[in-house]
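Here's a quick tour for anyone meeting this structure for the first time. Have a look at the picture, then read on.

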Amino acid sequence: MTYSAHDARNDEPLAAEQTLLRVEGLKRTFGRGSGAAVVLQGVNLSIARGRLVALKGRSGSGKTTLLNLLGALDQPTEGSVDFDGVVLSGLSDKARGDIRRTQMGLIFQSFALFPLMSAYENVEFAMRIAGVPASARKEAALQALDYVGLKPRMHHRPFEMSGGEQQRTAIARAIAHKPKLLLADEPTAELDSRTGLHILSVLRDLVREEGMTVVMTTHDPAIMEIVDEVYELEDGTIVEAAKV
């Protein structure tokens, strides 16, 4: 798959073909009536293709909820998320699931690896779910593991790997099917600072070399050194947006 990065470091509106994600009037409420909790309210943003974007904010600010909505893991109460020209909320559960499996990659804070599978098996199994043909899965899995520097450890299971190696396995699993969008929830939260910097470097390379669009939530101040854009959330709204 061929990608092209876009330099959005200007104030001109993004053309439709340059925009991968467009969020308009997004609101997410949990519960009903007097007990309802508004987690997101009136969020608007546009993210261009081939960018590394950070969502930052205190715990409870709404950044993980926003990430889940971008990844079609949740539905907005109001507003819309447009992914590559398709309004996700207008799709059936199956259609959203198909887009998530085939065009997106997800990285979770807890790694979420299958404990009895090797690194290779974790990656290969994810591609089965994504519908990658059997004839292409082995090569793609090996390429992804090699990209994150884990090919020599491909037969090790999670309990035989360090935290950094597990996170790199999770990244390999998320990118093996060549997604347009990679979403990462606090990808360095469980890692020491040195390993965290290595993970951030891998994500930066995915944008520069592979043209992927990466959106992550983070508390890590080191992220500011490598991202293209930062959106800061507070009480469910974006209070600051900056191109770095």
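Lys-178 is partly exposed, with a relative accessibility of 31% (buried is under 20% relative accessible area, exposed is over 50%, and partly exposed is in between, using a 1.4 Å probe and protein chains only). This is a predicted model, where local features need pLDDT of at least 70 and side-chain atom pairs count only at pLDDT 80 or more, while totals for chains, interfaces and linings use all residues. Residues are numbered from 1 along each chain as its sequence is written, and side-chain values use heavy atoms, leaving out hydrogens and water.

Most residues other than glycine have a negative phi.

Helices (H or I, at least four residues) and strands (E, at least two) are DSSP runs, numbered from the N terminus.

Now for the sheet. Four strands form an open sheet in the order β2-β1-β4-β5, paired antiparallel (strands pair if DSSP finds at least two bridges between them). β2 (37–48) and β5 (86–87) are at the edges with a single partner strand each, so one side of each has no neighbour in the sheet. Strand β1 (residues 19–30) runs antiparallel to β2, and eight bridges join the two. Thr-29 has Val-38 in β2 as its bridge partner. Six residues sit between the strands in the β1 and β2 hairpin, where Gly-31 takes a positive phi near 90 degrees.
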